[in-house]
Amino acid sequence: MHNDQSTSADLSATSAFKGIARPVLVSALLFMVVTGLAYPLATTGVANLLFPSQAQGSLIERNGQAIGSRQIGQYFARPEYFHSRPSATSGPDPQDPSKTVDQPYNAGASAASNQGVLSKKLLTAVEQRAIAYRQENGLAANAAVPVDAVTASGSGLDPHISIANANIQAQRVARARGVAVDRVLALINENVDRPQFGLFGDPRVNVLALNLALDAAAAPARPAAQ
Amino acid sequence: MGYDLNQFIVVLAIMTGLVFVTGPWLKRIFTAPGHNIIERGTYRLLGVDPAEPMSWKRYGAVLLLSNAAMMLLGYLILRIQQLLPGDSLGRSSQTPDLAFNTVASFITNTNWQAYSGETSLSNLSQMAVITFLMTVSAATGVAAAGGFIRGLSRKSAGDIGNYWVDFTRVTYRLLLPFCFVLALIYVWQGMPQTLTADTVVTTLEGARQQLIIGPVASLETIKHIGTNGGGFFGMNAAHPFENPTPLTNTLHILSMLLIPSALTYVFGSMIANRKQGWSFFAAFFVMFLGFLALVYGAEHAGNPMLSPLGIDQAQTATLGGGNMEGKELRFGIAQTSLFVTTTTAATTGSVDSMHASLTPLGGLVPIAQMMLNNVFGGDGVGLINLVTYAILTVFLVGMMIGRTPEFLGKKVEAREMKFVMLAVLAHAFSILGFTALACVMPSTVDSLANMGPHGFSEVLYAYTSGTANNGSAFAGFNANTPFFNTTIGLAMLVGRYLTLLPMLAVAGVMAAKTTVPAGPGTLSTATPLFTGLLVFVVLVVGGLTFLPALALGPIVEHLLMLSGTTF
């Protein structure tokens, strides 16, 4: 047998920690500066030169005022707007900030329900949402409801709904705005986000973009309350 | 369905193609003799000699202590976060147990998060703690794989290379350049990259909406290339700012698999047997496909409990369908399933959907993959884990035919088998031991978001994720308690270092051995037969160890779902 195995082991036992303090301490500081400061700061600089809008959150302005981000969903309750998916986000109670209350599409604290498929809480919520959805949109009591209209998304900020969901809501929106359904359906069609490169992702409708297009094309909604 | 299948094929084909780019690049990093000027400057600053050969013990000691120093630095920054300048939102410092949990999580490449990013970390902390620890933990894992492969590829050698060289080169030549370029693509697709903390807008209906922004893109790149997984935002890659489009989702998936798959090439190339590398790649790939099929099938079918409520979950041209609770519409079932499978295969732990809301069998996949811990696996450690099982396989097969087992032309003897078993057992012991401990603690019930078997799965998932250094969660579970912060923190340290260090020891011991010529009784480890045996051993050992625990969680939940029981 060779004995280089034992000699190298003897050597390493004494020298494993020799002269190790300085490189260990310096490496922590150095790599913090390089990977934790230099890299993100350089990226920030270049990204803001190349893509200034996206780097700041893809804000959409109307009449000089920021009204949202292209990426982030908003809560819509009025009949003349398309409604987003349910959202599980919450926020501080305006009456009593020590309590939290449901606050859909609170982009300050993304959240999901995290309920499993057997959860009573989930099933009750879905049932109630389905009833409300049918009432809002004038559907029969046993009409099928698209799954995205009654389930909360992962982020609570999903900006999209399915085309099927948008098509159902088109009736209500057209009625509330007093315009022809065909016109609203055409707007939906114009605002469908198709799979990227015809390949990646499901076709879907960006709700904020669609509602903006709606305001621009068909009788603008009442001015924002408050 | 056919459209979904196309996405799978294209993504996996690109992933395989990238092996031919990243593999040779990474091999050069581990073997090139010269140092560039920035690297030489780094060695001078550190005061190290890049030519110093390191025994596995020294290599391991440097790895461990430098990680400890980085962890400590991160801890200090989190503890004084509130005193540091630049955060207009004035987010407070983390508590001691939470800060310990956070840095233990990020230095071990786990990225378990007991906090929510938007409310508890300043942009400075997101960069100087999170992005920093993400990069160095990934570099540590890849460097360890370099030392490990080098050890296995040598004969009669006393050293396995130089840790500082491996670590520095992986950071400078691989991680930072890849991340920088990818970050710009991410910003183009709609990811924020700014030092501003937030923007307040007035929505179309007149409500106030606060948008949290920050240096997101630079974090997202290393989060996935480094198989880290910790999100900038609480809801991780489901958040539109972390994952704005299906393209970014696809790039996340490819990033996660980039280094783990390339390492199979590096392995084959460095031991001068390319077929060996591909036989490992095949083992990874076969298991991956099986798990992907399971999660896609389950999620595509949807939640049967919703059908009586008149909910339409069928896939059509205008509706993605499937089990959409906790999922984002832009990804749909196909992209989500691919992400679920990838993030727990490559032990990244980033999520683009909420795993807690997956169907029982869909939720079984992430848990099972983390238990096996070597379906591609995390940067560096995935390959090391697979080799652990490969050695176990030659050992078992050798025992069956009554011969001394050999691996890569070297005898596998008692000493290295002890190290291998230590690595295998530490993993299982940490998952099952801590889960059992948590289950007898009465206070655990207060942390659960779901009752019944799903509640047990939440606990099992937490320790599996911690030990496997994954970091994803059944996220309704409240893990931010002193008990869970501490025990999950310990599980992460055990899972990282008690598997990494024994395997570096194996590499050191194997490096010192001489090769024996292959004889008629030698089992070739670069054949489809061996790949089959290896997958079989992984599944049998994993099955025997973890099936009872899985039966109490997702499996019984699946049966209850079929019978319509709710909780």
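Predicted model: local features only at pLDDT ≥ 70, side-chain atom pairs only at ≥ 80, totals over all residues.

Author: To read a pairing, one asks which residues face each other and in which sense the strands run. Here A:Val145 stands opposite B:Ile311 in β3(B). Strand β5 (residues 145-146) of chain A and strand β3 (residues 311-312) of chain B are parallel and are joined over 2 bridges.

Reader: In which sense do β1 and β2 of chain A pair, and over how many bridges?

Author: Strand β1 (residues 59-62) and strand β2 (residues 65-69) of chain A pair in the antiparallel sense, over 4 bridges. A:Leu59 is found opposite A:Ser69 in β2(A). The two strands, β1(A) and β2(A), form a hairpin with 2 residues between them. In its turn, A:Asn63 has a positive phi of about 50 degrees.

Reader: How should I read the order of strands in a sheet, and which are the edge strands of the open sheet in chain A?

Author: In chain A, an open sheet of 3 strands has the order β6-β8-β7, with antiparallel pairing. Its edge strands are β6 (160-161) and β7 (192-193), each of which pairs on one side only. Between β7(A) and strand β8 (residues 204-206) of chain A there are 2 bridges, and A:Val192 stands opposite A:Val205 in β8(A).

Reader: How does one describe the contact between two chains, and how many residues does each chain give here?

Author: Chain B contributes 126 residues and chain A contributes 117 residues. Together the chains bury about 9,500 Å², with 65% of that area on carbon and sulfur atoms. On the chain B side, B:Leu204, B:Glu205 and B:Leu329 lose the most area to chain A, together 10% of what that side buries.

Reader: Which side chains meet in a salt bridge?

Author: Those of B:Arg330 and A:Asp158, at 4.0 Å from N to O. The count between chain B and chain A is 1 salt bridge, alongside 48 residue pairs in polar contact. Helix α7 (residues 163-189) of chain B supplies the largest share of the chain B side, 13 residues. That side divides into 65 nonpolar, 49 polar and 12 charged residues.

Reader: Lastly, where does the UniProt record place a transmembrane region?

Author: The unreviewed UniProt entry lists residues 20-42 of chain A under that name. One can then compare the annotation with the model: this span is 96% helix and 0% strand, and its end C-alpha atoms lie 31 Å apart.

Note on methods: Residues numbered from 1 in each chain as written. Chains lettered and ligands numbered in written order. Heavy atoms only, no water. UniProt positions renumbered as here; feature names shortened; annotations may be inferred. Contact = heavy atoms within 4.5 Å. Buried area = accessible area lost by both parts, 1.4 Å probe. Polar contact = N/O pair within 3.5 Å; in protein donor to acceptor, adjacent residues only side chain to side chain. Nonpolar A, V, L, I, M, F, W, Y, C, P; charged D, E, K, R; others polar. Pairing = 2+ DSSP bridges.
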